[in-house]
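Biologist: I am new to this structure. Can you walk me through it in short steps?

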Amino acid sequence: MGDDADIEVREVDGTEFEPSYRAKFLGSSEFSSLFGLGYKSIAQLTAEKNGLTGLEPDPESPLLERGHELEDVAARKVGKLKPTWQITKCRHQYIHKPSRTAAQPDFLVIDPEREGTGNLQVKVVTRSKFKT
C-alpha cells in the first residue's frame with residue numbers, strides 16, 4: 001500500500017474529522033459499519049460517501065457527548081492497568097490517500113516493550129449494541 005511517505009498528517013483543534021475529508025475517505029471509526037457493527041448502517045455510510053447529508057449522528061446527542069466525556073476517564077483507567085505505557089491525547093489526523101482511508105485516534109500509546117506507536121480508541125456502546 002505504500003510507505004509512511006504516503007501518509008498526510010494534519011493537526012486538528014477539535015474532536016471531529018475535517019468535514020471535507022469525510023466524504024472522500026473511509027474513516028477508522030466507519031470500518032465496523034461495513035460489517036453491520038458500527039454506529040452507521042451500510043446504507044447510511046454509502047449515502048454519506050455519495051454526498052447525501054443529514055444522515056450523520058447528531059453531534060449534540062447524549063451518547064456522543066458521554067463518549068467524548070469518558071475518553072479521558074478511559075485513558076486514565078488504561079494507564080492504571082498498564083503503568084509502563086505512555087498515553088497522550090492525539091491532536092492529529094492521519095490520511096492515506098492511496099487507499100482513501102483516514103484516522104483520528106483518540107490517544108497514541110507507546111509501550112516500551114514494543115516497537116512503534118499504538119492507537120487507543122474509546123467507544124461507548126448503546127444497550128441495543130451491547131450483548132452479554
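Biologist: Which residue forms a salt bridge with Glu 8, and how far apart are the closest N and O atoms?

Modeller: Bear in mind that this is a predicted model. A salt bridge here needs a side-chain nitrogen within 4 Å of a carboxyl oxygen. The partner of Glu 8 is Lys 97, and the closest N and O atoms are 3.2 Å apart.

Biologist: How many residues apart in sequence are the parts that this pair ties together?

Modeller: Glu 8 lies in strand E1, residues 7-11. Lys 97 sits in the loop between strand E4 (92-96) and strand E5 (101-103). The pair therefore ties together parts whose separation in sequence is 89 residues.

Biologist: Is Glu 8 buried, partly exposed or exposed? And Lys 97?

Modeller: Buried means under 20% relative accessible area, and exposed means over 50%. Glu 8 has 26%, and Lys 97 has 46%. Both values fall in between, so Glu 8 and Lys 97 count as partly exposed.

Biologist: How many salt bridges does a search of the whole structure find?

Modeller: The search covers the whole structure. Glu 8 with Lys 97 is one of the pairs, and Lys 40 with Glu 48 is another. The total is eight.

Biologist: Are Lys 40 and Glu 48 buried or exposed?

Modeller: Their side chains meet in a salt bridge, at 2.9 Å from N to O. Lys 40 has 6% relative accessibility, and Glu 48 has 7%. The cut-off for buried is under 20%, so Lys 40 and Glu 48 are buried.

Biologist: Which residues do salt bridges with shared partners join into one network?

Modeller: Glu 48 also meets the side chain of Lys 49, at 3.8 Å from N to O. Lys 49 is partly exposed, at 25%. Through shared partners, one network joins Glu 30, Lys 40, Glu 48 and Lys 49.

Biologist: Which residue in E6 stands opposite Gln 86?

Modeller: E3 pairs with E6, residues 107-110, in the antiparallel sense. The pairing runs over four bridges. Opposite Gln 86 stands Ile 110.

Technical notes. Residues numbered from 1 in each chain as written. Predicted model: local features only at pLDDT ≥ 70, side-chain atom pairs only at ≥ 80, totals over all residues. Heavy atoms only, no water. Pairing = 2+ DSSP bridges. Helix = DSSP H or I, 4+ residues; strand = E, 2+ residues; numbered from the N terminus. Buried < 20%, exposed > 50% of the residue type's maximum accessible area, 1.4 Å probe, protein only.
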